[in-house]
Amino acid sequence: MSEHGAPGPSTGEAAPTGGGRLRAVLPSVALNGVVPFLVYLLARPYLPGDAVALALAMAVPVVCTVGAFAWRRRVDAIGAIAVIAYGVALIVVLLSGGDPFVLKLQEAVVTGPLGLVFLLSAAMRRPILLLAARLANRRGSPVSAEAERRRRHASTVLTAIMGGTLVVHASALTVLALVLSTTETLALSRLVGLAILGLGLAVLLWYRARLQSAAQAAARAAEGTTGR
């Protein structure tokens with residue numbers, strides 16, 4: 001405390017700023033976006049086809065992500081998505097007889113179906129986020145009907161935002177894979193995909209902050225009413 005009673009400087013770690021978060025994400029973006037593109041360019045002349053070169057290029061960030069997890073016991077969100085997408089894409093490629101188009105889709109083979117599931121659950125008024133919250137809090141205290149209605153509405157909107165973001169992401173990557181060459185797709189798809197996911201996350205955080213502001217305003221109003 002200072003001599004005037006004001007709190008002194010915190011001795012804990014400062015929260016990361018926007019620039020700090022960006023610097024923390026850049027290595028993952030480079031590993032999952034730039035490195036596969038460079039590996040593909042270097043390896044393609046020496047390999048028999050696009051499918052083999054794509055598989056090799058996309059395997060690099062997967063190996064690095066798995067190795068980083070084994071070493072640091074910390075999951076890289078972008079790398080985890082790449083690992084899942086790579087596994088699904090390889091299975092589909094094997095089933096399709098080695099069609100490289102599936103590998104060009106990259107994360108779209110995961111985000112597309114997942115986004116449709118999210119949107120369908122929101123349309124049916126059974127949002128996945130609400131179901132997950134109930135499973136995680138089975139022994140929670142009961143809430144009023146009005147509180148349950150607000151929670152269902154918020155979960156539906158959040159689920160719809162997530163589903164819409166994932167579907168737009170998959171659609172954009174699919175269009176790029178259809179109209180661009182393999183080299184151009186690798187150069188642009190990861191950057192475009194991350195931009196779409198980042199925009200969706202910004203909308204998600206904005207709506208969440210709006211919900212928190214509304215809840216705080218309602219709490220203050222309730223305190224004012226009981227204090228009279």
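1. Helices are DSSP runs of H or I with at least four residues, strands are runs of E with at least two, and both are numbered from the N terminus.

2. Basis of the model. This is a predicted model, in which local features need pLDDT of at least 70 and side-chain atom pairs count only at pLDDT 80 or more, while totals for chains, interfaces and linings use all residues. Residues are numbered from 1 along each chain as its sequence is written, and side-chain values use heavy atoms, with hydrogens and water left out.

3. The chain overall. The chain has eight helices and zero strands, so that from the N terminus on its elements run α-α-α-α-α-α-α-α. Of its 228 residues, 30% count as buried (buried means under 20% relative accessible area, exposed over 50%, partly exposed in between, with a 1.4 Å probe and protein chains only). The chain exposes about 14500 Å², of which carbon and sulfur atoms supply 68%; accessible areas come from the Shrake-Rupley method with a 1.4 Å probe, and for residues only the protein chains shown count as cover. Among contacts (heavy atoms within 4.5 Å) between residues at least 6 apart in sequence, 70% join residues at least 24 apart.

4. Burial in α5 and the residue that follows. The buried residues of α5 include Ala 108, Thr 111, Gly 112 and Phe 118. After α5 comes Arg 125, whose phi is positive, near 60°, although Arg 125 is not a glycine. Most residues other than glycine have a negative phi. Arg 125 is placed in the loop between α5 and α6 (128–136) and is partly exposed, with a relative accessible area of 43%.

5. His 169. This residue of helix α7 is buried, with a relative accessible area of 3%. Leaving aside neighbours within four places in sequence, His 169 is in contact with Glu 107, Ala 108, Thr 111, Gly 193, Ile 196 and Leu 197. The C-alpha atoms of His 169 and Gly 112 are separated by 7.5 Å, and the two residues are 57 apart along the chain.

6. The second largest pocket. This pocket holds about 430 Å³ of space and is lined by 15 residues, with Arg 150, Ala 154, Leu 211, Ala 214 and Ala 215 nearest its centre. The elements that give two or more residues to the lining are α7 (145–179) and α8 (182–226); α8 supplies the largest share, eight residues. The lining divides into eight nonpolar, two polar and five charged residues (Ala, Val, Leu, Ile, Met, Phe, Trp, Tyr, Cys and Pro count as nonpolar, Asp, Glu, Lys and Arg as charged, and the others, Gly among them, as polar). On a 1 Å grid over the protein atoms alone, a pocket is an open set of points where a 1.4 Å probe fits, with protein on both sides within 12 Å along at least five of seven lines; lining residues have an atom within 4 Å of a point. Grid points are joined across faces, edges and corners, and a volume is the space filled by probe spheres set on the points.

7. Ala 154. Ala 154 lies in helix α7 and counts as buried at 13% relative accessibility. Not counting residues up to four places away in sequence, Ala 154 touches Tyr 207 and Leu 211.
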